[in-house]
Amino acid sequence: MSLRIDGVTRTFGQVRALDEVSLNVPTGSITVVVGPSGSGKTTLLRLLAGLDAPDAGEVSIDGQPVTLGATALCFQDAPLYPHLTVAENVAFPLRLRASRTPRPQVETRVGRVLEMLHIDHLASRRVAGLSGGQRQRVGIARALVREVQVYLFDEPMAHLDEQLARGIVADLRRIQRELGLTFVYITHSREEAFALADQMVILHEGRVVQADAPQQLVEAPDSLFVAGFLGRAELNVEKQGDRVTATRPEEVTVTPDPAGIAVQEVVYLGPGWLVRTARGAGVSDVPLSPGDTVRLEPRRVFTFPA
Ligand SMILES: Nc1ncnc2c1ncn2[C@@H]1O[C@H](COP(=O)(O)OP(=O)(O)OP(=O)(O)O)[C@@H](O)[C@H]1O
């Protein structure tokens, strides 16, 4: 299976939501799409799902234009049927006439997916009384129960607290690995992106600015935008002629030094303290206060054209 996006442009009036986007989604792995609000993530996912068509370019699976049935989509508030049980909700897509799945197979597949997502004990419960986390597991199960070539996720954890999300993300990762599935996953969460991504795609103003393994993106960003986007705090940026140098505060060692520069502000990061000075910020292992003096030593410096 090969999912490709070739030179795709999608405009809405004056807005170029996607601007000549090309991308290869490797089979059996997780591609995570990140980017600021409005960068085109949902537009891209809708095209992959076959819910929308590009103005130019092509989205194809094995050389054929993508169709609605080729992918399964799960989003933040997967609408469930409150009068049906958990098992009936999950079985729903398989019971549609188009699915043509024989009844015993439906039961086997539903049972298996409920077990993988640790909600088999809820199988005969009505959805109405479930917690937010349990409901989202049901929504994910209903996507995973289908046998399709690509599973698409649009911020499935957006309305869950971090700890709940962590548990579900870990389960998703394990299931994807065990079954060798292909996922495309949109998120705003840096933590989720790093936990899941084999390939991370960074969108900015409708363009793919960089796509690579997460470690590669962190260690070798192509642009100031990518360097800053994946950092934990605002970059220290200095313009020098036709170059810009940048450091990430978490990669700047802060050492108390009587001959150093004054600390202006301290924010506890848990663990570590973000320390701001007139000459940039760094992260200290020891608590400091405004007025203390420190030395800043970057462990990594990026240089880009201005
Ligand atoms: N149906 C539409 N009609 C008009 N404009 C649209 C439509 N869908 C998307 N857009 C515009 O296209 C751009 C990209 O939107 P999109 O929803 O894909 O971004 P996003 O990265 O998913 O944002 P967010 O993170 O906020 O969900 C935005 O400027 C948005 O306003």
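Author: Two strands pair if DSSP finds at least two bridges between them. Strands (E, at least two residues) and helices (H or I, at least four) are DSSP runs, numbered from the N terminus. The model is predicted, so local features need pLDDT of at least 70 and side-chain atom pairs count only at pLDDT 80 or more, while totals for chains, interfaces and linings use all residues. Residues are numbered from 1 along each chain as its sequence is written.

The open sheet has 4 strands in the order 2-1-4-5, with antiparallel pairing. Its edges are strand 2 (15-25) and strand 5 (64-65); each has a single partner strand, so one side of each is left without a neighbour in the sheet.

Helix 1 (residues 41-48) lies across strand 1, strand 2 and strand 4 (56-61), and runs at about 55 degrees to strand 2. Such angles run from 0 to 180 degrees between N-to-C directions, and axes are lines fitted to C-alpha atoms, for helices over the stretch in contact. Contact between two residues requires that their C-beta atoms, placed from the backbone, lie within 7 Å.

The same terms describe a pair of helices. Helix 4 (residues 132-144) packs with helix 5 (residues 162-179) at an angle of about 20 degrees, their axes 11 Å apart. Helix 4 contributes Gly-133, Gln-136, Arg-137, Ile-140 and Leu-144 to the contact, and helix 5 contributes Leu-164, Ile-168, Leu-172 and Ile-175.
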